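This report is written for a reader who wants the local geometry described together with the criteria behind each term.

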Amino acid sequence: MQLEIVSKNYRVTDRLEQILTAKTKKLDKYFPDDKTPCKVVLSDLGRQCKMEISINYHGAHVRSEVIGDTMYYNIDSCLPKLERQIVKHRDKLNKSHKMPERTDDFEFVSAVDDTAVEIAKVKRFEVERMTALEAAEALDMVDHDFYLFVNVDTGNVEAVYRRKDNSIGLLQPYEEV
């Protein structure tokens with residue numbers, strides 16, 4: 001695995017880098033390729049520290065984010081969480097059938113007036129075709145609050161999101177005629 005450590009307002013010590021390297025090496029057993037990118041982002045939030053670990057392997061995104069008192073504690077809580085997601089994803093792939101090839105490319109354009117609101121960051125990503133249940137599983141993999149996808153049943157862009165009671169919601173936008 002190729003480890004990339006990025007720090008934001010945080011100084012990475014040699015000892016921390018050695019520990020991160022050693023502990024992320026344990027995840028190599030899940031990836032046969034030595035060139036699998038693993039990105040670790042370390043941020044100082046004042047009294048707390050934030051650690052984000054992202055692994056992208058053949059289109060599957062696995063991500064874990066932890067906020068804690070020290071980076072050393074964050075390592076011990078972030079890596080097991082990431083490993084559980086990897087195992088869950090691997091088991092899902094072993095059980096599921098092969099997904100059909102995507103034939104459509106989707107491009108989304110923002111309809112926001114740039115003069116009234118300033119956009120701080122633009123992020124482009126590919127939207128995958130899947131069922132709502134598969135999108136709910138993918139939501140757990142990326143550790144975000146929402147997940148956009150193209151519903152294979154309807155052909156529309158939809159979103160699953162994590163509700164405050166920790167259940168999953170589904171947004172199905174439509175246009176009134």
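The sections below treat the basis of the model, a charged network, other salt bridges, strand pairing and a surface patch.

## Basis

The model is predicted, so that local features need pLDDT of at least 70 and side-chain atom pairs count only at pLDDT 80 or more, whereas totals for chains, interfaces and linings use all residues. Residues are numbered from 1 along each chain as its sequence is written, and side-chain values use heavy atoms, with hydrogens and water left out.

Glu52 sits in strand S3, residues 49–57 (strands are DSSP runs of E with at least two residues, helices runs of H or I with at least four, numbered from the N terminus). Glu52 counts as buried because its relative accessibility is 15% (buried means under 20% relative accessible area, exposed over 50%, partly exposed in between, with a 1.4 Å probe and protein chains only). Beyond neighbours within four places in sequence, Glu52 is in contact with Lys39, Val40, Val41, Arg63, Ser64 and Glu65, where contact means heavy atoms within 4.5 Å.

Arg63, buried at 12% relative accessibility, forms a salt bridge with Glu65 through their side chains at 2.5 Å, N to O (a side-chain nitrogen of Lys or Arg within 4 Å of a carboxyl oxygen of Asp or Glu). Glu65 is partly exposed, at 26%.

## Other salt bridges

The structure holds nine salt bridges. In one of them the side chains of Lys23 and Asp76 meet at 2.8 Å, N to O; Lys23 lies in helix H1 (residues 14–25) and Asp76 in helix H2, so the pair ties together parts that are 53 residues apart in sequence. A further salt bridge links the side chains of Arg163 and Asp165 at 3.7 Å, N to O. Salt bridges with shared partners also join Lys50, Glu52, Arg63 and Glu65 into one network.

## Strand pairing

Strands S6 (residues 146–151) and S7 (residues 157–162) run antiparallel and are joined by five bridges, pairing being assigned if DSSP finds at least two bridges between two strands. Phe146 has Tyr161 in S7 as its bridge partner. Five residues separate S6 and S7 in their hairpin, and Gly155 in the turn has a positive phi of about 80°.

S7 is also joined to strand S8 (residues 168–171) by four bridges in an antiparallel arrangement, with Leu170 in S8 as the bridge partner of Val160. In the hairpin of S7 and S8, Asn166 takes a positive phi near 70°.

## Phe125

Phe125 lies in the loop between helix H2 (71–95) and strand S5 (129–130), and counts as partly exposed because its relative accessibility is 48%.
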